[in-house]
Amino acid sequence: LQMASGITRMGTFAKLVPVSVIAGFTTGVGTLILSGQIPKALGMAAPAGMNPFEMLIWLAQNIGDANMASAALAGGTAVSMLFLPKLHP
């Protein structure tokens, strides 16, 4: 599919899409990915098929079931990803 798009020069149509549309799409995809990964980072098994708002409500109701070791590992990894590039550019 990607090669066919390149051969037929479909990228010229992508230049016509406004930056705000691309930013909104990217934000939406990021929200979906993040809301699906938070329960896994906390060591919880979330029910399938929930939208991000339902996921946040479910997390708030079941936060007591979180595995603190998993949460600490996920938090430490996130902090490392944020600050290590600043220490060693």
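Colleague: Where does Arg-9 lie?
Modeller: Arg-9 lies in the loop between α1 (2-7) and α2 (11-14), where helices are DSSP runs of H or I with at least four residues, numbered from the N terminus. This is a predicted model, in which local features need pLDDT of at least 70 and side-chain atom pairs count only at pLDDT 80 or more, while totals for chains, interfaces and linings use all residues. Residues are numbered from 1 along each chain as its sequence is written, and side-chain values use heavy atoms, with hydrogens and water left out.

Colleague: And what is the phi of Arg-9?
Modeller: The phi of Arg-9 is near 60°, a positive value in a residue other than glycine. Most residues other than glycine have a negative phi.

Colleague: Is Arg-9 buried or exposed?
Modeller: Arg-9 is exposed, with a relative accessible area of 61%, given that buried means under 20%, exposed over 50% and partly exposed in between, with a 1.4 Å probe and protein chains only.

Colleague: What about Gly-11, where is its place?
Modeller: Gly-11 has its place in helix α2, and at 43% relative accessibility Gly-11 counts as partly exposed.

Colleague: Changing topic, at what angle do α3 and α4 pack?
Modeller: Helix α3 (residues 19-41) and helix α4 (residues 52-61) pack at an angle of about 25°, with their axes 10 Å apart; the axes are lines fitted to C-alpha atoms over the stretch in contact, and angles run from 0 to 180 degrees between N-to-C directions. The two helices are therefore roughly parallel to each other, a term that covers angles under 35 degrees.

Colleague: Which residues of α3 meet α4?
Modeller: Thr-31, Leu-32, Ser-35, Ile-38 and Pro-39 in α3 meet Pro-52, Met-55, Trp-58 and Leu-59 in α4, where contact means heavy atoms within 4.5 Å. By class, this contact has seven nonpolar, two polar and no charged residues.

Colleague: How many residues has α3, and what does it reach from end to end?
Modeller: Helix α3 has 23 residues and reaches 32 Å from its first C-alpha to its last, close to the 33 Å expected at 1.5 Å a residue, the expected span being 1.5 Å times one less than the number of residues.

Colleague: What comes just after α3?
Modeller: Just after α3, Gly-43 takes a positive phi of about 75°.

Key: Parallel < 35°, antiparallel > 145°, perpendicular 65-115°, else oblique. Nonpolar A, V, L, I, M, F, W, Y, C, P; charged D, E, K, R; others polar.
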